[in-house]
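Please brief me on this protein model. I would like the main points, sorted by topic.

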Amino acid sequence: PGIVASGEPYLLNFWASWCVTCQAESRFLRMISDEVPIIGVALKDAPESATRWLREFGSPYQFSYIDADGHYAELLGVQGAPETFLIDGDGKVRFHYQGLLQETVWRERVMPILQGLRNE
């Protein structure tokens, strides 16, 4: 938190270059990156592998950080990659999803929360 403009909701997405599911999710995240800022955290990954992966598959992220030892992920209770959090403008987690974020989950579960935050 504190990465995106104050008061603006954003997604925090844990991903990894070694994660096959993250490749599929990356396509969807690129599609929604105009709707909400997305911050990436490369989980237990090497900087060179993560950078190569982002170049190869395209980055949906405004920023992407390396959590090489998984310390930050552990603080948030992340079990693996991919995992996504919707963070409100005050830095509070409003939604947490483990696994492949896709259209149905986005439309039915995340968008109503995001719209509510924007209407506050």
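This briefing covers the core, the disulfide, the backbone and the salt bridges.

This is a predicted model, where local features need pLDDT of at least 70, side-chain atom pairs count only at pLDDT 80 or more, and totals for chains, interfaces and linings use all residues. Residues are numbered from 1 along each chain as its sequence is written, and side-chain values use heavy atoms, with hydrogens and water left out. The largest nonpolar core has 36 residues. The structure also holds one disulfide and three salt bridges.

**Nonpolar core**

- A nonpolar core is a set of buried Ala, Val, Leu, Ile, Met, Phe, Trp, Tyr and Cys residues joined through side-chain atoms within 4.5 Å.
- Buried means under 20% relative accessible area, exposed means over 50%, and partly exposed lies in between (1.4 Å probe, protein chains only).
- In the largest core, the residues with the most contacts inside it are Leu 11, Leu 12, Trp 15, Leu 101 and Trp 106.
- Two or more residues of this core come from each of β1 (10–15), α1 (20–32), β2 (38–43), α2 (47–57), β4 (83–87), β5 (93–98) and α4 (103–119).
- Helix α4 gives the largest share of this core, six residues.
- These helices (H or I, at least four residues) and strands (E, at least two) are DSSP runs, numbered from the N terminus.
- In soluble globular proteins, nonpolar side chains tend to be buried together.
- Leaving aside neighbours within four places in sequence, Trp 15 has contacts that include Cys 22, Val 41, Leu 43, Trp 53, Leu 54, Tyr 61 and Ala 81.
- Contact here means heavy atoms within 4.5 Å.

**Disulfide**

- Cys 19 and Cys 22 are joined by a disulfide, with 2.5 Å from S to S.
- A disulfide is a pair of cysteine sulfur atoms within 2.5 Å.
- The link of Cys 19 and Cys 22 is right-handed, with 85° about the S-S bond.
- Cys 19 and Cys 22 are both buried.

**Backbone features**

- The peptide bond between Ala 81 and Pro 82 is cis, with omega at about -5°.
- Pro 82 sits in the loop between α3 (71–76) and β4.
- Lys 44 is not a glycine, yet has a positive phi of about 45°.
- The loop between β2 and α2 holds Lys 44.
- Lys 44 is exposed, at 53% relative accessible area.

**Salt bridges**

- A salt bridge is a side-chain nitrogen of Lys or Arg within 4 Å of a carboxyl oxygen of Asp or Glu.
- Side chains of opposite charge can pair when their charged atoms come close.
- Asp 88 and Arg 94 form a salt bridge, with their closest N and O atoms 2.8 Å apart.
- Asp 88 is buried, at 3% relative accessibility, whereas Arg 94 is partly exposed, at 36%.
- Glu 103 and Arg 107 meet in a salt bridge at 3.3 Å, N to O.
- Both Glu 103 and Arg 107 lie in helix α4, four residues apart, about one turn of the helix.
- Glu 103 is partly exposed, at 37% relative accessible area, and Arg 107 is partly exposed, at 45% relative accessibility.
- Arg 107 also forms a salt bridge with Glu 108, the closest N and O atoms being 4.0 Å apart.
- Glu 108 is exposed, at 53% relative accessible area.
- Glu 103, Arg 107 and Glu 108 make one network, joined by salt bridges that share partners.
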